[in-house]
Structure formats: structure tokens, C-alpha cells
Amino acid sequence: MDMSNPAAFVNGELLPNYIGKRVRAVVQVLQSDGAVTIGKSTDDRQLTVRGLPQVPPMNYVEVTGIAENNQLINAEIWTDFGKKFDINSNNMLCRLANGEFKSLFL
Amino acid sequence: MHSSEFDGAAAFAGGGFMPSQETQDPDSSFYSSKNRDAQALLPLTVKQISDAFQSSDDKSNVIIDGVDVNNVTLVGRVCNKAERITDVAFVLDDGTGRIECNKWLQEAVDSIEVEGISDGMYVRLHGHLKGFQGKMTVNVFSLRPLNDFNEIASHFLECICVHLYNTMLQFSGQHNNGQKTLEDMVLEILHLPTNRTRDEGVPRELIARQLGIPLDKLMLAIKNLIEEGAIFEAIGDHYKSIIG
């Protein structure tokens, strides 16, 4: 088992707690030019992601990478979740995984 | 009369060379003596497995939240997949950690299942957690790619729910010293199948009547259970268990 490089579940609100660390966030792509992607987190905050390829607008993408600042993630791995995604359960999971049940995740 | 014919069946039965009936199917006799609860399928995070493994003295058997871990279900991304003739090995990264997994390819259907999986893909796996030579690995029974990515959040929420359920069972077990508390009895009533199906919850008068206790005494127990997070008020003066 290798526990050295976990990725914390984050939404827009929780991202600032992990600057310089590995995070995973789901963003809905609003604008994407192949270099910088602007999207919306599951708690409806604007996030910028660097290093994503061009993704169809309005698709949900899960990004795993390093949190560079309060609003910017440098993507290492990404998965296109498509257009249908339940943002509420993801947002709730982010809160639980950083709150009462953090010990199960980090 | 002495027979000079070689009796193969007699020579090999129990001789230690051929598999006898007991050794052919050791699992069935082994498991049948075990409690069904001890064989529960646990949804887990890799972090939970790692924590339990670190704190366990017996590295071949881990216990999480008071439950013996045998079969597990995990959701994560496949990495470092290496296919061989007899088996496929890969690492599952669920974001909380990475764990080595192994699947034996016994039948053609196993190979077909594995062929569709590639590095970077999200999968749901079911398997048996095994400690061997100081390492934890998952012996995978089934492996399938995720079609609906909501399953990721639902898996981790299920991990939280099962953790809460198992830790609460332990918590209530520590307090009753062999005797049931009023809180346990209220929970038992709420967990009755007929009451579980009531979306509106069970009226407090009915619980008090079934237990044969005054309402004010019942309300003390209900207040404790609400504070513990075990039950909630569904509609006015109707109560429901969180696991029902």
C-alpha cells in the first residue's frame, strides 16, 4: 500500500485549505481554450484549471492535481464525467470528507 | 483371499497425495462455521484498510470498526496494469491511497472482463482482502468499469454510512453491560420491518405503549438518541431511525 500521495476531495470553498497539495475536484466546464479552463465547482464557485485538453462546454470533469492558489488547480489527471452528474452528492461528500469523517480519507 | 490387484482408490484416499473431499472444498466448511455478520461485504477506502493494517498485530487479518474484514468493495482508478497468462496485477488508486490488486484468470470470461480495463479507468471491484508477507493485497473476484460516475460519490458516502453504523453498534454495545438500555429498546421498535416502512416515522405514543413506559421517560431516551444521531423526528412527534 502506498499512502504517500492522497488527493483530497474539494469543492470551491475547501480548495484554499490545500494550497500546494494534491486535490480532486469536479468542475463544470464553462470555457475551455486547451490551455486554461474556466469552470464551476460543485458548490457554484468559479475555478480555473490548467493543463486540461479541450473539453466540451457544460461537461463535468474530475480534475486531480496540485492546488496552486484559492482558485487554480494544475491538472495531472482528468476524467470527463459527461453532461449528467449529481453535483449535490459530490458537494456533500467534499464536506463530509473534510469534516467529521476526514480520518477515512486523509 | 489376498487380492493382488492394485486398488487405486484405496491407495490414494487420504494418502496425502490426492485431494480428498475435505481439501477439495475447504472454504465451505470453513465459512459455514462462521457468523454471517463476520462475512459482511464492506465498502472501504484504502485509507481505512491502511490504518487498520498499521494498528493490527496480526498482519494476515484486519479488523475495521469492530468487524472482521474479509470481502471488500472499492472504487478507484486502475494504474500499472500488468497482464500475465494466469493473472492480472494492478494498483487501485482511490484518491485516499493505493493498494495492490490481483485477479486470477481461470476462465475465458475472466480474461474478457480484464481486457476491457485499461490504466486510468475508474472501476468498481469486489474482492477478498489478504495479508501476505507483511503486505495487503486484494484478491479480486469481479472488476467492472464505471458507467455512471455518480457511483464514486455514492461509494464513499456508503463507506461513511457503514463506518457510522458499525461504530455506533460498538458504542451502544459498550453501554449496556449485557442489559438493554431504554435507548436500545426504542431502536429495536423503530427497526421493526413494519416501522421501517413508515416514511412519517413512528408516533411517540405508540412507542411508549409498546414499551409500557410513561411518555416523559420515553422522551428522555428519544432526546439521547437524537443527540447521538441515531434517530430523527420525521414529522411532529413521529420518530425514525437513520438506518431504517
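**Reading burial and salt bridges**

Modeller: Asp93(B) counts as buried, because its relative accessibility is 7%, and buried means under 20% relative accessible area, exposed over 50%, and partly exposed in between (1.4 Å probe, protein chains only). This is a predicted model, in which local features need pLDDT of at least 70 and side-chain atom pairs count only at pLDDT 80 or more, while totals for chains, interfaces and linings use all residues. Residues are numbered from 1 along each chain as its sequence is written, chains are lettered from A and ligands numbered from 1 in the order in which they are written, and side-chain values use heavy atoms, with hydrogens and water left out.

Biologist: With which residue does the side chain of Asp93(B) meet in a salt bridge?

Modeller: In general, side chains of opposite charge can pair when their charged atoms come close. The rule here asks for a side-chain nitrogen of Lys or Arg within 4 Å of a carboxyl oxygen of Asp or Glu. Asp93(B) meets Arg98(B), at 3.5 Å from N to O. Arg98(B) is partly exposed, with a relative accessible area of 27%.

Biologist: How many salt bridges does the rule give over all chains?

Modeller: The count is 18. One of them joins Arg24(A) and Glu62(A), at 3.1 Å from N to O. Arg24(A) lies in strand S2 (residues 22-32) of chain A and Glu62(A) in strand S5 (residues 60-69) of chain A, so the pair ties together parts 38 residues apart in sequence. Strands (E, at least two residues) and helices (H or I, at least four) are DSSP runs, numbered from the N terminus. Both Arg24(A) and Glu62(A) are buried. Together with Arg77(B), these residues are linked in a network of salt bridges.

Biologist: Is helix H7 of chain B mostly covered or mostly uncovered?

Modeller: Burial can also be counted over an element. H7 (residues 182-190) is mostly covered, with seven of its nine residues buried. Among the buried ones are Leu182(B), Val186(B) and Ile189(B), and also the acidic Glu183(B) and Asp184(B).
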